[in-house]
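Please examine the following structure together with its sequence. The account below moves from the overall architecture to the aromatic side chains.

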Amino acid sequence: MPFLWNGAIRLNEGEGIHLLTYHRITSIRDPYFGSLHKLLQTIFPPEEVLAYELWKEPLEDPSIHVYAAIYEGEVVGSTEYRYYPELRVAMTDFTIIGKAQLGIGRFLLRNRERDLQRLAEQSGTTSIGMFAEIYDPFRAADHSFGGISPMNPYVRREVLSHIGYKRLNLSYVHPSWDHAGEAVTELDLGFLPADDGQQTIDASLVASFLEGYYSALPNKPEQWHSMMDHIRASETIELLPL
């Protein structure tokens with residue numbers, strides 16, 4: 001099935017038929033961006049949400065893909081991702097669901113898969129996998145965020161495990177997105193390998209990816225630098241079950 005920039009699926013509800021539309025947002029002036037930003041603030045902790053005005057440059061960056069799932073004129077879900085042809089890997093920044101029982105998660109997953117395949121083909125490469133930061137609810141002290149049940153950290157982690165994500169065997173930390181330079185420690189760095197039997201990942205690939213991904217945040221905690229030194233000193237990193 002070809003990828004559609006505004007691909008939609010039909011939802012039958014009683015006698016009516018409604019469309020779930022995949023809409024790309026490329027500007028903070030997009031009429032749907034305000035609703036999307038509020039949804040992000042509902043689901044994620046404050047330190048994980050970029051301030052409204054700071055979204056201007058990322059949204060205008062053609063390599064960053066932010067899509068909203070629109071249902072009856074309302075933002076009911078969203079996903080952000082990017083593809084790095086030089087590394088042959090993708091990154092899912094987030095996938096959020098704002099309403100249950102609409103099939104939003106699968107809708108976003110399938111549209112993202114088709115688009116990433118298109119991006120890889122356009123670059124003349126074949127993807128070897130996709131990174132994602134995954135909350136560890138067994139380590140996190142606060143489980144109050146998440147909004148509706150599909151976004152509960154326990155549920156999200158299990159869904160990602162079913163999809164095929166594995167966690168890198170390292171003590172992961174990343175700089176906070178509020179630009180305060182605080183260390184965010186309650187996540188794992190996950191990887192979805194194209195080869196399900198893959199048991200390790202090249203450490204230099206991980207280092208290159210993280211250095212590029214967090215280049216937009218100049219304030220980095222000492223824990224991040226220590227983690228990066230550890231990664232650079234390694235040859236491979238083990239992939240473990242979630």
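The chain contains 6 helices and 12 strands in this predicted model. Of its 242 residues, 49% are classed as buried. Among contacts with a separation of 6 or more, 67% are made by residues 24 or more positions apart.

The aromatic residues may be considered next. A pair of aromatic rings is described by the distance of the centres and the angle of the planes. With ring centres required to lie within 6.5 Å, the chain has 14 aromatic pairs. One of these is formed by Phe 131 and Phe 191, with 4.8 Å centre to centre and 55° between the planes. The pair counts as tilted, because the stacked class requires planes under 30 degrees apart and the edge-to-face class over 60.

Where in the chain do Phe 131 and Phe 191 lie? Phe 131 belongs to strand β6 (residues 129–135), whereas Phe 191 belongs to strand β10 (residues 187–193). The two are 60 residues apart, and their pairing thus links distant parts of the chain. Both Phe 131 and Phe 191 are buried.

Phe 131 and Phe 191 also take part in one aromatic cluster, together with Tyr 84, Trp 177, Phe 209, Tyr 213 and Tyr 214.

A further aromatic ring, that of Trp 224, is involved in an arrangement with a charged side chain. The charged end of Lys 220 sits over this ring, 5.3 Å from the centre of the ring.

Technical notes: Residues are numbered from 1 along each chain as its sequence is written. This is a predicted model: local features need pLDDT of at least 70, side-chain atom pairs count only at pLDDT 80 or more; totals for chains, interfaces and linings use all residues. Side-chain values use heavy atoms; hydrogens and water are left out. Rings of Phe, Tyr and Trp (its six-membered ring) pair if their centres lie within 6.5 Å; planes under 30 degrees apart count as stacked, over 60 as edge-to-face and the rest as tilted. Helices (H or I, at least four residues) and strands (E, at least two) are DSSP runs, numbered from the N terminus. Buried means under 20% relative accessible area, exposed over 50%, partly exposed in between (1.4 Å probe, protein chains only). A charge sits over a ring if NZ of Lys or CZ of Arg is within 6 Å of the ring centre and within 35 degrees of the ring normal. Contact means heavy atoms within 4.5 Å.
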